[in-house]
Amino acid sequence: MERIKRNGKIIEVTQETTLKKDDVVLIVGHRNAIVAIDNDYIKEIDSASGMDIVMNTKDVVMRNTEYAGKTLDQTISCENVLRLRHGVYLVSINREGDPLPINKDTTLQLGDIITVYGAESDLNRVISKIGAPINKSEKTDWIFHGFGLVVGLVIGLIVVRIGSVPITLGAGGGALLSGLIFGWIRSRHQTIGNIPVGASQLLQDFGLAGFVAIIGLESGMQAISTICEQGLSLLLIGLVITFLPMILAIFFGKYVLGYKNAAVFAGALSGARSANPAFGEVLNKAGNAIPTNSFAVTYALANVFLTLLGPLIIAFV
């Protein structure tokens, strides 16, 4: 019951309020529950002045440690929650972009995005106890993302020397590490670092397309001239060197390392080849950022070993 009108006046609704005959009551709830109300005791009317109420849907980031680690059943059963939840309905729970089932066994964690529905006053009362509201905006937080780009470039410029061999992550590795750090910060603090979904998708698609185009423009003519001079044998050898390690890695990962998650394994393979376009496609197919962890490890190792093993192989050959 959101509002009660008695003798032409709106009265306050509390747990102690007693209903009287001819009261006009505004009821909000699930359709099935409202339809099932016994019509012998109430009569539905079309409208009544002053009884209108605006219902909103809001996203809230979970920050209250009191409820973290508890199931929905345990949380809803708390005495203070029973008092708070009046007029508020749970719509969905998302964790790292993936929806969670809404059942009594679902466990809440810090950083979960909880979508609630209800009147503005009810929502404000509940949100203040859960965490912080996420205000949807079409604007990009350029300060957060720009700082992340700067940090990535600085990390890429760092060079560590082992003897006379320089080791560096480069711009790509620095951007990847910075992305992981700032992505983790964003997952913990959803109120900062906003970027619209459309803008994010455009940047991903444009970045991958631009990367492929630049590689083609830089290497295309050289590849054609090399084939003309050396024949197709060099091209075939390159194909074997490219595909054979990947094929062997697939069997090694499945039967020796025991990979069960195809998306995580694909992220590791694309990182082993430092293949950013392939990794972008893995993320699109997976629908989440989980493969990033495996990609980051193999990407870093591949860059280090490429730097170390290249001079050694040439020296021995």
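Reader: Fine. Where do these coordinates come from, and how are residues numbered?

Author: This is a predicted model, where local features need pLDDT of at least 70, side-chain atom pairs count only at pLDDT 80 or more, and totals for chains, interfaces and linings use all residues. Residues are numbered from 1 along each chain as its sequence is written, and side-chain values use heavy atoms, with hydrogens and water left out.

Reader: Good. What is Ile130 in contact with?

Author: Setting aside neighbours within four places in sequence, Ile130 is in contact with Val60, Val61, Met62, Arg63, Asn64 and Ile114.

Reader: Which residues touch the most other members in the largest nonpolar core?

Author: Met62, Leu108, Ile114, Val116 and Ile130, out of 13 residues in that core. A nonpolar core is a set of buried Ala, Val, Leu, Ile, Met, Phe, Trp, Tyr and Cys residues joined through side-chain atoms within 4.5 Å. Buried means under 20% relative accessible area, exposed over 50%, partly exposed in between (1.4 Å probe, protein chains only).

Reader: Which elements give two or more residues to this core?

Author: Strand S4 (55-62), strand S5 (88-95), strand S7 (113-119) and helix H4 (120-130). H4 gives the most, with four residues. On the labels: helices (H or I, at least four residues) and strands (E, at least two) are DSSP runs, numbered from the N terminus.

Reader: What lies apart from it?

Author: Another core, of five residues, including Leu176, Phe279, Phe295 and Tyr299.

Reader: Switching to helix pairs. How do H5 and H6 cross?

Author: The axes of H5 (residues 142-157) and H6 (residues 170-188) come within 7 Å and cross at roughly 140 degrees. Axes are lines fitted to C-alpha atoms, for helices over the stretch in contact, and angles run from 0 to 180 degrees between N-to-C directions. That makes H5 oblique to H6. Angles under 35 degrees count as roughly parallel, over 145 as roughly antiparallel, 65 to 115 as roughly perpendicular and the rest as oblique.

Reader: Who makes the contact?

Author: On H5, the residues include Phe144, Phe147, Gly148 and Val151. On H6, they include Gly170, Ala171, Gly174 and Phe182. By class, the contact of H5 with H6 has nine nonpolar, six polar and one charged. Ala, Val, Leu, Ile, Met, Phe, Trp, Tyr, Cys and Pro count as nonpolar, Asp, Glu, Lys and Arg as charged, and the others, Gly among them, as polar.

Reader: What about H9 and H10?

Author: The axes of H9 (residues 262-272) and H10 (residues 276-286) come within 9 Å and cross at roughly 170 degrees. H9 and H10 are therefore roughly antiparallel to each other. Ala263, Ala266, Gly267 and Ser270 of H9 meet Ala278, Phe279, Val282 and Ala286 of H10. That contact has six nonpolar, two polar and no charged residues.

Reader: Last one. What is phi of Asp22 near?

Author: Phi of Asp22 is near 75 degrees, a positive value in a residue other than glycine. Most residues other than glycine have a negative phi. Asp22 is in the loop between strand S2 (9-11) and strand S3 (24-26), and is exposed, with a relative accessible area of 68%.

Note on methods:
Contact = heavy atoms within 4.5 Å.
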